[in-house]
Amino acid sequence: QAQLVESGGGLVQAGESLRLSCAASSRTFGVNAIGWYRQAPGKQREFVAAISTGGRTNIADSVKGRFTISGDNAKNTVYLQMNSLKPEDTALYYCNAGPSFPTPPGKYWGQGTQVTVSS
């Protein structure tokens, strides 16, 4: 069973950058993709980005051009590089692992890491 641990969140000003990390405990049978989702207060959880085990990536239109996703197989870690952050990017960011790329999300979720962007 995959265990996912996110890190890298924090409080930044608009225009700044953050890099989130998602460390997986081990390779898990049936996991073909790692994705990032976010949930702002009062809103539904939304897809942000995903990377397949083969290296394909998919980025949501709302963050395309500002966010990139990458992976380090040796470290079982996926990164979400977030540049030119905006206040509307403020949310709890979750890592997810599952069989489908890029969506829907799988059954494995991390605990989330908070990203707050001040104007």
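Me: How many nonpolar, polar and charged residues are in the lining of the largest cavity?
Reply: This is a predicted model: local features need pLDDT of at least 70, side-chain atom pairs count only at pLDDT 80 or more, and totals for chains, interfaces and linings use all residues. Residues are numbered from 1 along each chain as its sequence is written, and side-chain values use heavy atoms, without hydrogens and water. Ala, Val, Leu, Ile, Met, Phe, Trp, Tyr, Cys and Pro count as nonpolar, Asp, Glu, Lys and Arg as charged, and the others, Gly among them, as polar. The lining has eight nonpolar, four polar and no charged residues.

Me: Which element gives the most to that lining?
Reply: A cavity is a set of points on a 1 Å grid over the protein atoms alone where a 1.4 Å probe fits but cannot get out; lining residues have an atom within 4 Å of a point. Lining residues include Ala-33, Tyr-37, Asn-96 and Pro-105. Strands S4 (33-39) and S9 (91-98) each give two or more residues, a strand being a DSSP run (E, at least two residues) numbered from the N terminus. With four residues, the most comes from S4.

Me: Is Thr-77 buried or exposed?
Reply: Thr-77 is found in strand S8 (residues 77-82). Buried means under 20% relative accessible area, exposed over 50% (1.4 Å probe, protein chains only). At a relative accessible area of 10%, Thr-77 is therefore buried.

Me: Which backbone oxygen does the side chain of Thr-77 reach?
Reply: Thr-77 touches residues including Ser-21, Cys-22 and Asp-72, not counting residues up to four places away in sequence; contact means heavy atoms within 4.5 Å. At 2.9 Å, its side chain reaches the backbone oxygen of Lys-75.

Technical notes
1 Å grid on protein atoms, 1.4 Å probe; cavity = no way out; pocket = protein on both sides within 12 Å on 5 of 7 lines; lining within 4 Å. Polar contact = N/O pair within 3.5 Å; in protein donor to acceptor, adjacent residues only side chain to side chain.
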